[in-house]
Amino acid sequence: MKVMAAQELIEAPLSPEELALRYRDLCDDPHFANVPGKIEIDLWGRVFMSPPPRPYHGRVQARLSDKLTALGGEKTIEAPIATPLGLFVADLAWSRQKSAPGSEDQAALMHAPELCIEIVSPSNSRKELSEKIGAYLAAGAEEVWIVYPRSRRCEVHSRQGLMKRSRFPVDLADLFD
C-alpha cells in the first residue's frame, strides 16, 4: 500500500478541480455544518467567510429568482462555482439547461451558468465584486449582474465590459418594491 506524502505548502494556484474538492471537503466536515454565512475559497486555498445576509438581501434574492422563472431553464440560489480565480458562491445563478441526472452530489459547478448574480451586502468591497465578475466570466458566464439594494440599481457586466442593459429579457422594474 502506497502512502501519499502530505503537501507541505501550496506551490501554485489551485485548479478549479482542486478548489471543488476542497469545497466538498469543507461541506462534508461536521465542524462546518452549523457555521452561518457563506464560505468561499481563493485560488491559493484560503477560506473566506461572509456573515449571513440581512433579511432584505434574501427578499431581493427571492424576487430575482421569481423574475428569472420567465426565462425557463434552471435557477440556483447560493450557487458554488469553481473558477480559475477561486471558488465563489453566487447569490443566484441561471442556466438555460437543467442539471444532468446525478448532479445532486456535485459540490460545486465546474462551469459557470450563463447568468451569475451577486446582491451587494455591507460586507462586500468593490475589489471583491470586481474579482467575482472576472471569475464568473472566466468560468463561462455570459453576464454577471451586481445588484445594489440600497441604491436600487443593477449593473450588468459581460466580457465586453459594463453594459447598458442585459440581453436576458427580465423585467426588474419592481424588484426593490
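Reply: The side chains of Glu 40 and Lys 132 are joined by a polar contact of 3.0 Å, that is, a pair of N or O atoms within 3.5 Å, one able to donate a hydrogen and the other to accept it, where residues adjacent in sequence count only if both atoms are side-chain atoms. The model is predicted, with local features needing pLDDT of at least 70 and side-chain atom pairs 80 or more, while totals for chains, interfaces and linings use all residues. Residues are numbered from 1 along each chain as its sequence is written, and side-chain values use heavy atoms, without hydrogens and water.

Glu 40 belongs to strand β1, residues 38-42 (a DSSP run of E, at least two residues, numbered from the N terminus). With a relative accessible area of 5%, Glu 40 is buried (under 20%, using a 1.4 Å probe and protein chains only). Beyond its neighbours within four places in sequence, Glu 40 is in contact (heavy atoms within 4.5 Å) with residues including Arg 46, Val 47, Phe 48, Leu 87, Phe 88 and Val 89. Glu 128 and Lys 132 are also among the contacts of Glu 40.

Buried residues also make up strand β5, residues 115-119, where five of five are buried. Leu 115, Ile 117 and Ile 119 point one way from β5, whereas Cys 116 and Glu 118 point the other way. Strand β5 pairs (at least two DSSP bridges) with β4, residues 86-95, in the antiparallel sense over three bridges, and Cys 116 is the bridge partner of Ala 93. With strand β6, residues 143-148, β5 runs parallel and is joined by five bridges, Val 147 being the bridge partner of Ile 119.

Methods:
Helix = DSSP H or I, 4+ residues; strand = E, 2+ residues; numbered from the N terminus. Buried < 20%, exposed > 50% of the residue type's maximum accessible area, 1.4 Å probe, protein only.
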